[in-house]
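Please look over the sequence and the model shown here before reading the notes that come after them.

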Amino acid sequence: MVRWLALLFLLMAAPAWAEAKPDLVLTGQVRGADHQTYKPVTFDVPDGVIRLTVEVDYARDQKTVVDLGLLDPVRFRGWSGGNKKRFTVSAEDATPSYLPGPLPAGRWTLLLGVPNARPGSAAAYEAKITFERRPGAVGFAPGPLKAAPGWYRGDLHMHTAHSDGSCLAQSGVRAPCPVYRTVEAAKARGLDFIAITDHNTTSHYEAMAELQPAFDQLLLIPGREITTFQGHANVFGPTAFIDFRLGDPSVPDIRALQGAVAAAGGLFSINHPSSPSGEQCMGCGWTVPGTDYDQVQSIEVANGGSQRAQGGVEGPLFGVPFWEARLKAGHRITAVGGSDNHDAGLAPDTPGAVGRPTTVVHAAELSTAGILAGIRAGRVFIDLDGTRDRMLDLSARSKSGQAMMGGVLIAKPDETVAFTASLTGGERAGLEVIRDGTRLPVAVGPSGAFTVKMGDKASWVRLNLRDAGGRLLLIGNPIYLRVGR
Ligand SMILES: [Zn+2]
Ligand SMILES: [Zn+2]
């Protein structure tokens, strides 16, 4: 029964990366003579494989039972007995029962253990083996956690025992904080997704791969905080190692690093750009020369740790001025937030607690690829208090078309562009209309409507929401206005 339940569960949780067409299909028969033996099925793995996925099925009608294990050319890679029909191994993570690590080219062995095969029986088996050669933003989830388009709330910046995250141990002393505590905290806050972004390492992915099936309503996005001596940037999506040693011959400049991230299908997001640098905070502010802002998809404009340090969102550490300066230079970059949590046990109402701030992303589905595409598209706002219900959206219409927040709208210079703000969980009177970094003396009408004269040059318009006391609650992303002739 347990065996069957386990199989059923794994059939349901078929990972997206296993749906690709297999590179090898190995077939054969388990016969009565194989009873209580280990049957090696060998196959060759070529050079350059970064993930190997195995899926095995066999005929059960004669009470034949097959257990599974795996050996690479050098060592034992794991044993899942009869509890998994499908498993994956890569350098960074593997299905529980299996060991992550390098995938050496050469002869591998799929081990079929046969606890039972009746005398004279013959049960056909089929093993599909898929090689992944190119990294991609796939994640650990068995396909989308939710297939519907919608607004999804998450935290894009957090640390665990795999870097400098700590929390209270049983006795009350401080201890390196295991990944599950962060995941539990995110679940308790009602988040839809989190990216765990330990510094430079990829060692947390193994724990995330283990946790994802048990947290099937909380998407765990592979992340890491590329931590250089001149700035920090989160990379979301890929799991393979990305060389962070900026200035080393292996990564001579930031463009080499950004190119490696792009080649791996990753999203490059500059963190806490306005933090101090030098001996005050080594490498914290973004001071990297030669940054290609066309290869920067997002900037963390609100950082929970900075908020705690300066006693509020706005102050010298606030990232919005840095971000808006890049927008004014003509770049299209999405503003995001991140708690930069280093203690999963931090009280939920504390800035820098898991989910504070929250980044809210409109995505086609709740999957790693979906959330990252949503961030790139820019229909995103930051909920600084990490509420579960505040909503902000923006649309605009000209004679030639319409656009949503994050999008581009083309209008003629003499046109008046009609905007509509959509707000839930706040007072409309607290909405600020910001164009090219300056607040416009424009009131948002009862239906959320306001207008802006196009003018003869490109610009951008976005919203903030403040409470009656002037405290910033929500930060919206722009609609980009481009001149049509
Ligand atoms: Zn950092
Ligand atoms: Zn950090």
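The briefing below takes up the domains, the metal sites, the disulfides and one threonine.

This is a predicted model, in which local features need pLDDT of at least 70 and side-chain atom pairs count only at pLDDT 80 or more, while totals for chains, interfaces and linings use all residues. Residues are numbered from 1 along each chain as its sequence is written, chains are lettered from A and ligands numbered from 1 in the order in which they are written, and side-chain values use heavy atoms, with hydrogens and water left out.

**Domains**

- The domain assignment gives domain 1 (2–132), domain 2 (134–388) and domain 3 (390–485), with bounds that come from an automatic or database domain assignment.
- Between domain 1 and domain 3, the C-alpha centres are 55 Å apart.

**Zinc sites**

- Glu225 (OE), His232 (ND1) and His272 (NE2) coordinate the zinc ion (ligand 1) at 2.0 to 2.2 Å, where donors are N, O and S atoms within 2.8 Å of the metal (3.2 Å for Na, K and Ca) and, since water is not among the atoms, sites may look incomplete.
- Along the chain, the donor residues of the zinc ion (ligand 1) have the spacing E-x6-H-x39-H.
- Histidine 232 belongs to strand 14 (residues 231–236) and histidine 272 to the loop between strand 15 (267–270) and strand 16 (298–303), so the pair ties together parts that are 40 residues apart in sequence; helices (H or I, at least four residues) and strands (E, at least two) are DSSP runs numbered from the N terminus.
- Histidine 232 counts as buried at 8% relative accessibility, and histidine 272 is buried with a relative accessible area of 7%, where buried means under 20% relative accessible area, exposed over 50%, and partly exposed in between (1.4 Å probe, protein chains only).
- Histidine 157 and histidine 159 are both buried.
- Glutamate 225 bridges the zinc ion (ligand 1) and the zinc ion (ligand 2), which are 3.5 Å apart.

**Disulfides**

- Cysteine 167 and cysteine 177 are joined with their sulfur atoms 2.1 Å apart, in a right-handed link with 95° about the S-S bond.
- Cysteine 167 is buried at a relative accessible area of 3%, and cysteine 177 is buried at 1% relative accessibility.
- Cysteine 281 is joined to cysteine 284 at an S to S distance of 1.9 Å, in a left-handed link with -65° about the S-S bond.
- Cysteine 281 is partly exposed at a relative accessible area of 24%, whereas cysteine 284 counts as buried at 10% relative accessibility.

**Threonine 358**

- Threonine 358 is part of strand 18 (residues 358–363) and counts as buried at 1% relative accessibility.
- With residues up to four places away in sequence not counted, threonine 358 touches Arg153, Gly154, Leu191, Phe381, Ile382, Asp383 and Gly386, contact meaning heavy atoms within 4.5 Å.

How values were computed
A disulfide is a pair of cysteine sulfur atoms within 2.5 Å.
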